[in-house]
Amino acid sequence: MKLTQFELAVGQLLRDLDDISTDRQSISGHPAREHYQHTSECPPLTSFPEGVSQNWEDGYREHVSACPYCQKLVAAYWAVAPPNWEMIASYLIDSARFPDRSAMERYLELEHPVQLEILRRFLDSRGLLLIPKQVAQEVLKSIIGLFITFPKRHPDLSQAALPNEFSSCVVFPALDISVRIFRDTEGTLQAHLALPRERYAAEEFWVSICGTGQPIIGEFRISPSVATVAFTIGTATQLVIEQGNECFIAVGLGALPK
Amino acid sequence: MTEDLEDDAVLMERYYAGENVAFDGIRLRYFGRIVGWARKAGIPDADVDDIAAESLLHVVCTKGFGNRFDPAKGRFQAWIWMIARHCILDWFRRNGRFVPMPEDQGDECILHPAGAEPDLPTRLSEAELKSALRHCYRLLGELDARIVYHRWVLELHYKEIARLLGSTESVVTNRLHNAKRRLGKCIEQYLATPGRGAQGAAAQ
């Protein structure tokens, strides 16, 4: 419903009025002030994008990890530029040593609880939450994964009525592999994996799909002798998106990490 | 804001050009202002500073992630307001006090029958109108003032406002309708009072 001219005009004037408050003491003017948790040690606001995404300069790293204000800003930055899944997984594996622990807790709690749960399931299914943390971090480096989100207008993949109605192509640039998930003409949910045979002629692949449903994970071993692989993921109908639209697809070379 | 202060648009231009220190001017001017916006929206004092800091960080991030401020498209204050509003609405969502509405409900005709719409005098300056509004808005009372703010400033739907205030949609609808009528009448009377209007605003 659109606002009328009067409402718009009054709304704008109200917004610009600095000294009114509906139920609290008036704010007289706007004396320059800082966040109540800000300290003189905090890095400038403008340095956060570079500091979070790359590296902090001049010894800021230690301060940012311990400062509640800076941790809130790190979380706010991630709301704009989300951390990659490796970072979240690294936090899940060893949260005590994660440098922005408070920020990650805040970010995951406020922004992406579904991704957190999916990643936890994935790591758990791989046993990465039980083995020594350093070993788990090393294993993590050998896995390439992506989160995909199915269109919201189709909340449940199993309800797809038309052939090829669901089609989601996931590309793993580092491996030159793409995975397409779709429902074929007979109504079976399938995934097609396209890979450059000449590059991986002697290697075995694994693909892991993890969502919010049951069972928690689907795994597929793929022979290197074919260029395109099609496999039925009927169980993944529930597996992937029983309760949501997001799932995590991981691909790796060699044997499945156990 | 006094005239000797550098224009917000110029500060943003300098910041976008790589002069990070120019952003301090924006931060100092708008932190308190965003805190005020968040308070007026009914967000608890414990969280208003976070919203102001998040909003300013979002402004910082426009340098690298697009949606930069463009003075050709409007005033800086309107632009930063949209960013702050987004953060305010996010707070409501996070705290489970927000009901996203799919589409308009189409009840405009019930609220605003033809000819019932009050008007703001166009001959007056912004300062004069603000003076009148400041006076009349305070007379609305806390609940009506909040409803007006949620609807006309935050542009929330009636159902959302009802949820936030723990009330019903019809109560919100009726109170807003009455508040608008009272506000329009009050502004008219305030400006007609001798010593107010142009002179009154200038004196404040």
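B:Arg27 is buried, with a relative accessible area of 14% (buried means under 20%, exposed over 50%, partly exposed in between, with a 1.4 Å probe and protein chains only). This is a predicted model, in which local features need pLDDT of at least 70, side-chain atom pairs count only at pLDDT 80 or more, and totals for chains, interfaces and linings use all residues. Residues are numbered from 1 along each chain as its sequence is written, chains are lettered from A and ligands numbered from 1 in the order in which they are written, and side-chain values use heavy atoms, without hydrogens and water.

B:Arg27 forms a salt bridge with B:Asp24, the closest N and O atoms being 3.2 Å apart. A salt bridge here is a side-chain nitrogen of Lys or Arg within 4 Å of a carboxyl oxygen of Asp or Glu. B:Asp24 is partly exposed, at 30%. Helices are DSSP runs of H or I, at least four residues, numbered from the N terminus.

Over all chains, the structure holds 17 salt bridges. One pair crosses between chains, from B:Lys180 in helix α9 (residues 169–192) of chain B to A:Glu7 in helix α1 (residues 5–16) of chain A. Their closest N and O atoms are 2.9 Å apart. Both B:Lys180 and A:Glu7 are buried.

Within chain A, A:Arg61 forms a salt bridge with A:Asp100, with the closest N and O atoms 2.5 Å apart. A:Arg61 lies in helix α3 and A:Asp100 in the loop between α5 and α6, so the pair ties together parts 39 residues apart in sequence.

Methods. Helix = DSSP H or I, 4+ residues; strand = E, 2+ residues; numbered from the N terminus.
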